[in-house]
Amino acid sequence: MKELHDIITALYRPLDYVSKNSFANLDVVKGLEVPLMNLVGQALSLSLDNDDSALFKRLSRNFTGFDSLDTSSKKSRITDSLKLLEQMKDHE
């Protein structure tokens with residue numbers, strides 16, 4: 001499904017960017033929560049199988065309140081989210 005692939009790619013890019021070089025860009029990039037939650041919402045509005053739907057719901061939990069988290073919590077959620085996105089890529 002092309003649209004789902006595009007959403008996964010759009011989610012992956014900023015998370016990959018901020019995670020590079022031991023999260024060197026994490027403090028530089030601001031306001032990730034809203035655009036990431038919008039993308040997750042778009043994905044959840046599609047006709048997804050149960051596995052993908054569950055993964056996107058986990059992503060939604062990861063991004064909820066993201067901007068107000070401390071750095072350590074952000075790193076943890078980004079790492080988990082990247083793993084989830086890799087799982088989704090494997091389903092394509």
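Which pattern does the protein chain follow, read along the sequence? I read α-α-α-α. I count four helices and zero strands; these are DSSP runs numbered from the N terminus, helices being H or I of at least four residues and strands E of at least two.

I note that this is a predicted model, where local features need pLDDT of at least 70, side-chain atom pairs count only at pLDDT 80 or more, and totals for chains, interfaces and linings use all residues. Residues are numbered from 1 along each chain as its sequence is written, and side-chain values use heavy atoms, with hydrogens and water left out.

**Overall dimensions**

Along the principal axes, the C-alpha atoms fill a box of roughly 35 × 25 × 15 Å.

Next I checked contacts (heavy atoms within 4.5 Å). Of those between residues at least 6 apart in sequence, 68% join residues at least 24 apart.

**Core**

I looked up burial: buried means under 20% relative accessible area, exposed over 50%, partly exposed in between, with a 1.4 Å probe and protein chains only. Buried residues are 38% of the 92.

Then the nonpolar core, a set of buried Ala, Val, Leu, Ile, Met, Phe, Trp, Tyr and Cys residues joined through side-chain atoms within 4.5 Å. The largest has 26 residues, and L11, F56, L59, I78 and L85 have the most contacts inside it. Helix 1 (2-23), helix 2 (33-44), helix 3 (50-63) and helix 4 (71-91) each supply at least two of its residues. Helix 1 gives the largest share, eight residues.

What does L11 touch, leaving aside neighbours within four places in sequence? I list L36, L39, V40, F56, L59, F63 and L85.

**Single residues**

S53 sits in helix 3. Is S53 buried or exposed? S53 counts as buried because its relative accessible area is 17%. Beyond neighbours within four places, S53 contacts L44 and L48.

S22 is not a glycine, yet its phi is positive, about 55°. F23 is not a glycine either, and its phi is about 65°. S22 is exposed at 67% relative accessible area, whereas F23 is buried at 18%.
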